[in-house]
Amino acid sequence: MNSYYTQTRATGETVHGGLAGASATGTKSTANISTGLLPNFLSVAGSTRQNDLDVTFLISINPGSSQLNAASGGSGTEHRQAFLTFGDKSWGSIKLGKDLGIFASDAILNDMTLLGVGSASGSPSTTTLGRIGSGFMYADWKSQIAYTTPNMNGFQATLGLTQAWNALSSDSNGATAAGELSATTTARGGASTAYEGKASYSIAANDVTGKIWVGGFAQKVDGMVFHADRDTIAYAGEVGANVNAAGFGLTGYYYGGSGVGTTFMLKDGYSLTGQQRDSDGGYVQATYVLPTKTKAGISWGISNLDKTSAETASTLVKENEMWTAGLYHPVTKHLNLVAEYNNVESKSQTNVEAKTRNVSLGAILFF
């Protein structure tokens, strides 16, 4: 359970696909009390061992604590997880159902704004974005069939098929920027599944712990949506590392790809004529646990989107960049108080700029 008071100030012109700025040209200040990056989670889970198999299931409902413009206090609700697993520690496990995606999952799980707010719009929604779109792609909650190897002295790998996205032309999703082509969250489908995978090595030596990981994503995109005579493959790769010692924590991450777009998978990944746009980004983060047990952190990240060689410059986003400073204090082993400052800047292909700054105060409770 979590909730935050967030004061947001947005300036600059509209950048299509940008994470900063007001909804219209000018300055806009808003105050909201809403959910942070994580929604509220209520989960039901079970496990058993039968016929030499460990079998589990998990189902969750995820209501937001934001009041979404409803006189009765209505709020958004998500259903992020509904999956089963079966396997054995000798050969690994298989997952069937909907859960966090494989590609970019370690990037978001190591992001310190996971316990806070990060990038926040001026209007309340079910959740905020954290560092999604300003340092990594959204791993999302995906229908999947995935195999995870057993842990082999710190090494572990996961390979999976996930529900693909459809690329939609700008006319079909209401986009207005010249040359813009976006995928929307309702556009699941495609000629085939997407392919995702990652491999990691965990470190535990004396007082030093950490993890190094690499991952990849690939999906066929139907050329018919662009009236093209061939299909293409949208793809991306990633590498990251996290190290912790003597109260210090360091995280570094980088990704790059073609056709995958920015922020959400396939969003703005293609021009109107079906040419793939290249994109990349990453973030660095440093944290330190103070003698009061308060964790102090600072991080910076950026996500870049290139126009194709055949496109002229437009108001389509070129980069989203964010600085974050945060304090995360454990009042109890379950309750954390959070204070964050976030500075988000978006720039278009024509160098139009927009900025959003927010200060957030709140708490997150785990059981």
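Two strands are taken to pair if DSSP finds at least two bridges between them, and the strands themselves (E, at least two residues), like the helices (H or I, at least four), are DSSP runs numbered from the N terminus. This is a predicted model, in which local features need pLDDT of at least 70 and side-chain atom pairs count only at pLDDT 80 or more, whereas totals for chains, interfaces and linings use all residues. Residues are numbered from 1 along each chain as its sequence is written, and side-chain values use heavy atoms, with hydrogens and water left out.

## Strand pairing

Strand β14 (residues 278-289) runs antiparallel to strand β15 (residues 295-305), and 11 bridges join them. Within this pair, Y283 has G301 of β15 as its bridge partner. The two strands form a hairpin with five residues between them, and in the turn K293 has a positive phi of about 75°.

Strand β18 (residues 353-365) is joined by 11 bridges to strand β1 (residues 2-12), with the two running antiparallel, and G12 stands opposite A354 of β18. Strand β17 (residues 335-348) is also antiparallel to β18, through 13 bridges, and E345 stands opposite K355 in that pairing. The hairpin of β17 and β18 has four residues between the strands, and N351 takes a positive phi near 70° there.

## Salt bridges

Side chains of opposite charge can pair when their charged atoms come close. With a salt bridge defined as a side-chain nitrogen of Lys or Arg within 4 Å of a carboxyl oxygen of Asp or Glu, the structure holds 11 of them. The table lists three of these pairs, with the distance between nitrogen and oxygen.

| D54 | R49 | 3.0 Å |

The bridge between D106 and K211 joins helix α1 (residues 105-109) to strand β11 (residues 208-221), so the pair ties together parts that are 105 residues apart in sequence. For accessibility, buried means under 20% relative accessible area, exposed over 50%, and partly exposed in between (1.4 Å probe, protein chains only). D106 counts as buried because its relative accessibility is 4%, while K211, with a relative accessible area of 23%, is partly exposed.

By contrast, D54 is partly exposed at 35% relative accessibility, and R49 is partly exposed with a relative accessible area of 42%. R49 and D54 are also linked with D88 in a network of salt bridges.

Taking contact to mean heavy atoms within 4.5 Å, and leaving aside neighbours within four places in sequence, N242 is in contact with N110, T209, G210, K211, W213, L250 and T251.

G46 is found in strand β3 (residues 42-50) and is partly exposed, with a relative accessible area of 22%. Residues up to four places away in sequence not being counted, G46 touches V55, T56 and F57. The C-alpha atoms of G46 and L58 are separated by 6.8 Å, although these residues are 12 apart along the chain.

## Aromatic rings

Rings of Phe, Tyr and Trp (its six-membered ring) pair if their centres lie within 6.5 Å, with planes under 30 degrees apart counted as stacked, over 60 as edge-to-face and the rest as tilted. By this rule there are nine aromatic pairs, and one aromatic cluster is formed by F136, W213, Y253, Y255 and Y283.
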